Amino acid sequence: YDELKHRMSVHQRCVDVLRDVISHAKDSVELRLRRIECSIIGRDQMSANEDLKYILVRDPDNLEAVALNARALRLLGSIDQARREIRRCLSLDPEYTKCAKLHKGLKKYESLTAKIKEAVDNKKWDAVIKGVEDSQNMEADPPNTDLLMRWKCEAYTGNRDISKGLAACTELLDMEDGEKNPAMASFLVFRAELYLMDDDIDKAEVDVRKANELNNNLSLIHISEPTRLLSISYAVFCLKKKKKNQMNQTQ
């Protein structure tokens with residue numbers, strides 16, 4: 001995640017520099033293509049879309065722009081749209097290297113994620129972890145990075161791997177603004193469960209409280225296993241009560 005943030009920061013600076021240059025050369029397709037590439041890696045989708053629209057309106061068959069559009073869609077996780085753009089690119093030039101490479105990578109990615117999804121459904125956590133790591137090693141900037149990290153957090157929790165689980169879940173929650181993001185409630189619960197395994201009741205209680213706040217305050221909340229939050233909340237309550245009783249007996 002730190003490496004991804006650094007790469008995004010570097011390419012965002014590239015976007016900013018090219019913005020100044022293009023202001024003096026607005027019709028330069030070459031400069032806009034370079035800015036699109038930086039925008040994609042820098043996760044500046046608005047800038048990428050602006051330049052892609054500028055080029056493709058004037059030249060719908062610009063192969064490099066079509067390939068970059070497919071790449072941007074793939075990185076966003078819009079796989080069907082990316083596939084359509086790749087097919088359009090290859091229909092214009094079946095031997096265009098960038099689109100052929102994207103086509104091959106997309107097929108490999110789809111096969112790998114299908115296997116990971118099946119492993120998640122069957123709770124085969126070792127297979128999930130291996131699949132996620134293979135996907136991350138396949139390329140420097142894989143699509144659906146957040147989804148891969150979600151699977152990793154859940155898998156390490158399922159495997160009761162405390163140190164790796166806490167690292168994976170914390171990295172995910174930091175990246176996705178976990179305290180405010182309703183989609184992250186389940187992963188706060190996973191981390192709370194890991195804290196309980198580590199006998200860190202206080203930190204588990206904090207995460208349970210945050211998950212409950214999201215669950216109570218946001219109607220769009222979706223917790224993949226609704227009973228899990230209740231179970232972990234009850235476990236925290238019981239352990240705190242037990243700890244308090246032990247302290248009273250000691251005194």
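Here are some questions and answers about this predicted model.

Residues are numbered from 1 along each chain as its sequence is written. Local features need pLDDT of at least 70 and side-chain atom pairs count only at pLDDT 80 or more, while totals for chains, interfaces and linings use all residues; side-chain values use heavy atoms, with hydrogens and water left out.

Me: Is D51 buried or exposed?
Reply: Happy to start there: D51 lies in α3, residues 45-58, where helices are DSSP runs of H or I with at least four residues, numbered from the N terminus. Buried means under 20% relative accessible area, exposed over 50%, and partly exposed in between, with a 1.4 Å probe and protein chains only. D51 has 0% relative accessibility, so D51 counts as buried.

Me: Which residues does D51 touch, not counting residues up to four places away in sequence?
Reply: Contact means heavy atoms within 4.5 Å. Seen from I36, the partners beyond four places in sequence include D51, L52 and I55. From the side of D51, with residues up to four places away again not counted, they are R32, R35 and I36.

Me: Are α4 and α5 roughly parallel or roughly antiparallel to each other?
Reply: Helices α4 (63-76) and α5 (79-92) pack at about 160° with axes 8 Å apart; axes are lines fitted to C-alpha atoms over the stretch in contact, and angles run from 0 to 180 degrees between N-to-C directions. Angles under 35 degrees count as roughly parallel, over 145 as roughly antiparallel, 65 to 115 as roughly perpendicular and the rest as oblique. The pair is therefore roughly antiparallel.

Me: Where is D199 found, and is D199 buried or exposed?
Reply: D199 has a positive phi of about 60° although it is not a glycine. Its place is the loop between α10 and α11 (201-217). With 68% relative accessibility, D199 counts as exposed.

Note on methods:
Helix = DSSP H or I, 4+ residues; strand = E, 2+ residues; numbered from the N terminus.
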